[in-house]
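Biologist: I'd like to learn how to read a model like this one, feature by feature. Could you walk me through it?

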Amino acid sequence: MAEELLKATGLYHVFESQAEEGNVVALRGLSVALRDGEAVAVVGPSGAGKSTLLKALGGLLKPSAGVVQLAGEDITRMAPEQLVQHRRATVSFIFQEGNLLPHLSARDNVLQPLRHAGVPHREAAARVAEMLDYLGISERAHALPEQLSGGEAQRTAIARALITRPRLILADEPTGSVDPVTARSIMELFTRLHKEQEVAFLVVTHSEMVADFADRSLELQDGRFIAQHGEDVELEDLALTRELLLDAGGNLTLTPDLLEELGGPGRYEVRDLRRHRLTLSRVMDERSNVCEACNTPFDGDETQCGNCGALRG
Amino acid sequence: MQAAAREFPDRTRLALLSAWRGRSRGLAVFAGVFLASLVITTVLVYGSGLMQIFFLNYLDDEYYDFRMDFHTDIGGKGRTVDVALWESYCAEYEALPEITDCAVAAGRQGGHGAGWFTEAYLKPQPLELQAWEGRDSDWSNVSVFLFEGNEEGPPTRGYRPLRLLGPSAYDGELAERHASRLLRGEWPDGGAAAVEQRSVSLPSQVASMADATVGDQLASLTFTYDTDASKGCQGEEVFWQQFSYCRVSVTLENLTISSIFDDTIVTSPITSQQPVFIPWELVPVENRSAIIAGDHAYLALTIDRTALPTESTDSAEKELDRIQRSLDSVALEGETDLDGTHVIKDLLSWLRIQNYFIQIFNYIVMIPIIVLSVSVLLYGLLLSLEQRRREIAIHRVIGGGPDALLRMVLGELGVLAFCAWLAGYLLALLAVPLILNAVGFMQFRPGEYDVSPSLGLLATLATLVVTVGLALLFGRSRTRDFLEQEISEGVQRVVVKPQPRYWLHWLLFGVGLIALADSYIESLANDGRLADDWEKGIISNPVLNGIFAVLGPFLLWIGGALVLARLGAMAPGMMQRLLGRTAALRDIGRGLRGSGSAEGVGKLALIMLLTLSIVTMAAVQGYTGMAVDERTASLAAGGDLKVEFQQPLDHAAALATVSVALEGTDVAASDIRLVSVPLIAMHPAGDEYSVYQTWVLLDGSREVVRWDRQAFGGDPGKTLDRLAAGGFSYGEQLEFSLGEQPQLMLNLTGGAPGQVTVSNVGEHTWHPGLDTDITAGGIFIGEASFRTLVGDGAVDAWRETTWFVELGPQGDAEAQSAVTRALAFDSSVSKVTSWDEEHREVERNGGLVFGTLGLLTLQFAVATIAAVASSFVFLSLVLTQRKRELAILQAIGASEWQVGRLVLFEIMSITVVSMLLGTLLGVGISYAFNGMFSLFGLIFQSFGGASTSVDRTLVWPWGELLVIGLAVLAVVMLALVWTTARATRSDLARILKGE
Ligand SMILES: Nc1ncnc2c1ncn2[C@@H]1O[C@H](COP(=O)(O)OP(=O)(O)O)[C@@H](O)[C@H]1O
Ligand SMILES: [Mg+2]
């Protein structure tokens, strides 16, 4: 087994808001790990926190609590400039919309990461030409983003992500806004990269086809993983499975119905621990008095943090 | 380093490319920096140009730049009486690179001390003309005395001075300077020719008194000089004031008048009397030697005046001092010790004080426009950076570090701002000469002054730092914000927009309103429309009053704009409430409810208010200033011309004299009209002891005299009608005795019988062309009353010395000056004042400062451009931001026209309301500023020596303001149509998808 490329433990994220609904807790104590060269899909309903997770894993967003280790280094505690350096060497992002720079041609868009990385222009230009060729968009190299079709734009975005030769690609619904044919060719491209160059993938998707490409899928709901599926798992069956994920960080995530059956959130003590088997029982007194996510003291018997909405541990 | 150089072409290409492709958002920044640079540079350059003009103006009146005199007093060391040696010194001075010409000269004795009103200042006397005798014309009554001799400068005995000029004054630079002042004849071509011709050059006043022309001969001319009396006086001993002089006289014979020069140009006080010029070599050698011994001789030196630095008096003075030091260090043959004196040194210190006041005033006047351009700059930056937010986020995702991104944004901003600065700077350099040549608000007479004002390196850098620096500083803090926000997007911290400090806006506005009320009440009280108790306004403490007078207008302006901008931004809502019931606007109301563009549009309202209030203020003050200048000119000249004759003349004789002077102009004798203001003495029937000076306003005076509203405080035509119908008006000093009398029965004083009854038509302030102080103590009556008193015959044959002339339709500036010049040669005329020349004079010294109208024109133009340009730029930015919103409206079924109408309604109501409010605010600040303008006007008038203070009654140019308002509206419409069309036509799906 290859070493761990990405390892996140206890991720909480709270979006503060002044709207009536109050704060939004997008991530609730998530943990996830990814090995080098592994392809993982993240699935889940809209608003589950997939994009937030992706941003937190890639260092675009600092989670409210928790640790993200990328290539062995904790990126939640890095200075901005250092973080940029580290990210540059390891990850690239692909979004649903190309997110191309509107004033630059396709070629200049692809060239831009190398410019930021300080790669000499001549070498960078050669690499870009090669990359555009590889993705089959050489003829459109001088077009501006607004002149590109959806598929071309997305391929340009992919080229831009690949040009830095990352070890990990974080993709947020990469095929979400292209037609099925283009989507298929993009996925073929991903597969090729995955197989030939051993690039690791974490892909957020709604698409079965994309999930198929992954070695395993993680299902996210309400800011928590509710299930993990192997390659043989059918997407339709997800809701029926009662498999729980005990992740590498040691976190166990329960679906809400299971939680309810257990008697709601609270403190549990280990009653029986053997290999492959764990029995928990509820501790009825003394509960944690401060919120894990935002350090606000709990008020009385609340089960949810009044400040950030996180569940009481 | 090397790597950076290698990457340079690619990076530059990229920066230029994205600057170009992102030009619409760059436009706002460009416009802001451009305006700021234009305005700030103009104000600075204007100061330097003004100094240059003053300097050149006064320099022009001087023939020489330096004079060299003996260092010691008569009888001291280091002197010589050797004529040949003295004449040889010029060669040594001309060897200095700075000196362009040098000539031996003799005239007023050199002073060997410093300071005014010391012996060294009071004792020196000129060469005095004692007698002359004509050959071709009669010179017997051409006086050698100057009556105005003691008016300016150190006292003299009152004889007309004489100046002897060495041969090199007849060639080179000195000859050019003399030749430029000639009215008739030629300056002799070289020293030899001057001696051979026995040339004499006369002041025009002398020539006109003698009725002499070029080529006429003087049989003899006698002058005296003061000489060294240490070994006994050879001539006549003269005591004058507390000094004694030994005067020797010289008589020259058979002189020929070679030229006549313009003696109306006022020189510096030291040399204010106009001399007669005669070649030095015509004087016998032994006299020349005595003239040298008597301290009359000096060396007249010229330098290249265009090489003098003129950006400040200090630098000019430094340069002059340097030249003076190098002159003083020249070692002369025979160990003679000469001192250089700079001729206009006294002038310089005077100029410095005057310029100081002018600059302060101009800086104050330009503050609003500077504030305006800076705020355009800041808002432009704000909007344009806002549009980069997403782009910066993308860059961060693909590996751009915060520092690199900051550099990138600032690099682009820097290039853009630099170009804008350069454009503004260059335009300012081009515009300033034009501004300095402004003769009125929006009126120019180019070419009158040839100045090439420039800015020193330091000042140039200052404009660069202030404009580009400001843009970069602001851009940096904004970009930093974006960068920080992006990394911690949404985490823990929600950016709460601080509430604007409305209480502060209201406070500023309130204080400004108090100042306005104070200044308005003061002006009402001064006009007599309010009781005198109100003369000090609401604030009577003088210090507080001064602070309010200067700060008030600005507080009113800024506070008013901030407060009223909210009102402007609320306009769509209010309009909708007003018009919402109508069918056409019902769906608009629905659309508006959802529109969330209030912030951007609120800023548009603010900018509109700021600009239009300045436009209004500049136009009002500009036209008012022009009216004040014209009023001042009318006060001095009365009509097109004011001709004062030596003796009283009747209408026919005066007309005949003036008609002769029309020769060579386009004015026909039949076009001109003349009128005098007969002055008689009258007393009330039965009270012979209270005599009133009475001026008769003849019927012709209506057309000839340039009447003004201020003369009677109201429509002058009406008052003139009532005077003609048997009325009288009284001067200010008679208010007590006559103010309440409805009727007066008047008798002629001094012999002749005659009685008339006149009715009171009110007070008069002044009569154009007459001395205000004197008319304030008398009364005016009409022609009919006059005829009743003295009879038709006497009226028609009435003689007066002063006649006002109207030159008719052809009487433009050129004709006026030609006629003035011709009349000046007429021996029966003692003085001619032309309205046009008076007007020019006033523009320079009077009313307000020289070129202030030009500055106001600039302010007006810049504010107008800013109003038009910012409405365009801001609208297109605001609408680009609203693209999505408009697309949604379209997506849910609104037609293009409906969307267009919605936007049109919203923006137009804001613009129109803001413009109206802005104009209103402008009216307010015009009043508020008026106090300050009249204060400074007074200061400058006292510098210029004008005595009568002229009212600054505001003039309201509504027509111009309307045109500008319409122009702004038209541009707003255009911008709207353009941007809305762009927004509605672009791919809906793409817009909705994006961001
Ligand atoms: N910038 C933000 N501010 C406030 N709430 C946000 C922000 N971004 C996302 N959220 C909220 O966080 C939750 C998760 O969002 P997201 O990660 O985008 O979900 P997904 O990608 O799974 O659809 C949602 O409820 C969303 O409304
Ligand atoms: Mg998402």
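Modeller: Happy to. Let's begin with residue classes: Ala, Val, Leu, Ile, Met, Phe, Trp, Tyr, Cys and Pro count as nonpolar, Asp, Glu, Lys and Arg as charged, and the others, Gly among them, as polar. Keep in mind that this is a predicted model.

Biologist: With those classes in hand, how many nonpolar, polar and charged residues does the shell around ligand 1 have?

Modeller: The shell has 5 nonpolar, 5 polar and 1 charged residues. Reading along chain A, ligand 1 is surrounded by Phe15(A), Val24(A), Ala26(A), Pro45(A), Ser46(A), Gly47(A), Ala48(A), Gly49(A), Lys50(A), Ser51(A) and Thr52(A).

Biologist: Which atoms of Gly47(A), Lys50(A) and Thr52(A) lie by the oxygen atoms of ligand 1?

Modeller: For Gly47(A), a backbone N or O atom lies 2.7 Å from a ligand oxygen. Lys50(A) also uses a polar backbone atom, 2.9 Å from an oxygen atom of ligand 1. With Thr52(A), an N or O atom of the side chain is 2.5 Å from a ligand oxygen.

Biologist: And how much of the accessible area of ligand 1 does the protein cover?

Modeller: On its own, ligand 1 has 560 Å² of accessible area, and the protein covers 64% of that. Two elements of chain A give two or more residues to the shell: strand S2 (24-35) and helix H1 (50-58). The largest share, 3 residues, comes from H1(A).

Biologist: Let's stay in chain A for a moment. Is Asp108(A) buried or exposed?

Modeller: Compare the relative accessible area with the cut-off: under 20% is called buried. Asp108(A) has 2%, so it is buried. This residue lies in helix H3 (residues 106-117) of chain A.

Biologist: Which residues is Asp108(A) in contact with, leaving aside its neighbours within four places in sequence?

Modeller: Look at the chain letters here: the partners are Arg115(A) and, from chain B, Arg13(B), Leu14(B) and Leu17(B).

Biologist: On to chain B, then. How many helices and strands are there in chain B?

Modeller: Chain B has 32 helices and 24 strands. Of its 995 residues, 53% are buried. Take the contacts between residues at least 6 apart in sequence: 81% of them join residues at least 24 apart. The accessible surface comes to about 42,900 Å², and carbon and sulfur atoms account for 57% of it.

Biologist: Which strands does S20(B) pair with?

Modeller: For pairing, read the direction and the bridges. S20(B) is antiparallel to strand S17 (residues 679-684) of chain B, over 3 bridges, and His683(B) stands opposite Asn747(B). S20(B) also runs antiparallel to strand S21 (residues 755-763) of chain B, joined by 5 bridges. There, Met745(B) has Thr757(B) as its bridge partner.

Biologist: Can we follow the pairing onward from S17(B)?

Modeller: S17(B) pairs with S18(B) in the antiparallel sense over 4 bridges, with Ala681(B) opposite Gln693(B). Strand S18 (residues 692-697) is mostly covered, as 5 of its 6 residues are buried. S18(B) then pairs with strand S22 (residues 779-782) of chain B, in the parallel sense over 4 bridges. In that pair, Leu697(B) stands opposite Gly782(B).

Biologist: Now a helix. Why is H11(B) described as largely enclosed by the rest of the structure?

Modeller: Count its buried residues: 7 of the 9 in helix H11 (residues 389-397) are buried, so the helix is largely enclosed. They are Glu391(B), Ile392(B), Ala393(B), Ile394(B), His395(B), Arg396(B) and Val397(B). Just after H11(B), Gly399(B) takes a positive phi of about 100°.

Technical notes: Residues are numbered from 1 along each chain as its sequence is written. Chains are lettered from A and ligands numbered from 1 in the order in which they are written. This is a predicted model: local features need pLDDT of at least 70, side-chain atom pairs count only at pLDDT 80 or more; totals for chains, interfaces and linings use all residues. Side-chain values use heavy atoms; hydrogens and water are left out. Buried means under 20% relative accessible area, exposed over 50%, partly exposed in between (1.4 Å probe, protein chains only). Contact means heavy atoms within 4.5 Å. Accessible areas come from the Shrake-Rupley method with a 1.4 Å probe; for residues, only the protein chains shown count as cover. A residue is near a molecule or strand if one of its heavy atoms lies within 4 Å of it. A polar contact is a pair of N or O atoms within 3.5 Å; within protein, one must be able to donate a hydrogen and the other to accept it, and residues adjacent in sequence count only if both atoms are side-chain atoms. Two strands pair if DSSP finds at least two bridges between them.
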